[in-house]
Amino acid sequence: MNPENRKLLGKLLVIAVAMFGFGYALIPVYRHICEALGLNVLTQKDDGALVNTQVDRTRSITVELDSNVQGTLRFRPTQNKVTVHPGEMTTVVYEVVNSQGSVVNAQAVPSYAPQSATPHFKKVECFCFKQQTLAAHEAKQMPVVFYIDPKLPKEVKTITLSYTFIEVAGLAQAPKAAGQL
């Protein structure tokens, strides 16, 4: 190999390593930026937070439940809306069905409307806190336990809680064929 080709190969290797390192570093950087800005926060669990035991019965908030799915799963809330009082612990259930003949891993990504309601919507338990694994032809009922902080602005009377359920490629293992170990 002549010296010019060696020099070019060295430069190409440095560029390839730098590109890999940049791509690898983008994941945590993106996660930190999203958490700092309050965007696309997957884990909004309030560990250690004290639940407000004083329910504001003078106000009612309608929580509309919505679902979207990217992939082949069927995903929906078991009810379209629920009326709650700020500070009141509430449980709603979403249902997901894997109609495929193989295992599927998926992650639910929540979003809220209006955006000003996001910091006041406190989830205590949610299937969105971790990836869900669904066996072939499995159906699951998944609860969301939440309360709405009484500090929610008075003008907000309706909150839409929407989940997009996204299949996570490459993590599910195909079932082993008979005779394989």
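Reader: Quick one to start: is Phe75 buried or exposed?

Author: Buried. This is a predicted model, and in it Phe75 has 8% relative accessibility, which is under the 20% cut-off.

Reader: And which ring does Phe75 pair with in a stacked way?

Author: A search of the whole structure turns up 10 aromatic pairs. In one of them, Phe75 and Phe165 are stacked, at 4.7 Å centre to centre with 15 degrees between the planes. Phe75 sits in strand β2 (residues 74-77) and Phe165 in strand β9 (residues 158-167), so the pair links parts of the chain 90 residues apart. Phe165 is buried as well, at 0% relative accessibility.

Reader: OK, what about Tyr94 and Tyr163, how are those rings arranged?

Author: Edge-to-face, because their planes are at 80 degrees, with the centres 5.1 Å apart. Tyr94 is in strand β4 (residues 90-97) and Tyr163 is in strand β9, so this pair ties together parts 69 residues apart in sequence. Both Tyr94 and Tyr163 are buried.

Reader: Which residues make up the cluster that ring pairs link together?

Author: Phe75, Tyr94, Phe127, Tyr163 and Phe165.

Reader: Switching topic: where is His85?

Author: His85 is in the loop between β3 (81-84) and β4. With a relative accessible area of 18%, His85 counts as buried, because the cut-off is under 20%.

Reader: What lies 2.7 Å from a polar atom of the His85 side chain?

Author: The backbone oxygen of Arg59. Setting aside neighbours within four places in sequence, His85 is in contact with Val55, Asp56, Arg57, Arg59 and Ser60.

Key
Residues are numbered from 1 along each chain as its sequence is written. This is a predicted model: local features need pLDDT of at least 70, side-chain atom pairs count only at pLDDT 80 or more; totals for chains, interfaces and linings use all residues. Side-chain values use heavy atoms; hydrogens and water are left out. Rings of Phe, Tyr and Trp (its six-membered ring) pair if their centres lie within 6.5 Å; planes under 30 degrees apart count as stacked, over 60 as edge-to-face and the rest as tilted. Helices (H or I, at least four residues) and strands (E, at least two) are DSSP runs, numbered from the N terminus. Buried means under 20% relative accessible area, exposed over 50%, partly exposed in between (1.4 Å probe, protein chains only). A polar contact is a pair of N or O atoms within 3.5 Å; within protein, one must be able to donate a hydrogen and the other to accept it, and residues adjacent in sequence count only if both atoms are side-chain atoms. Contact means heavy atoms within 4.5 Å.
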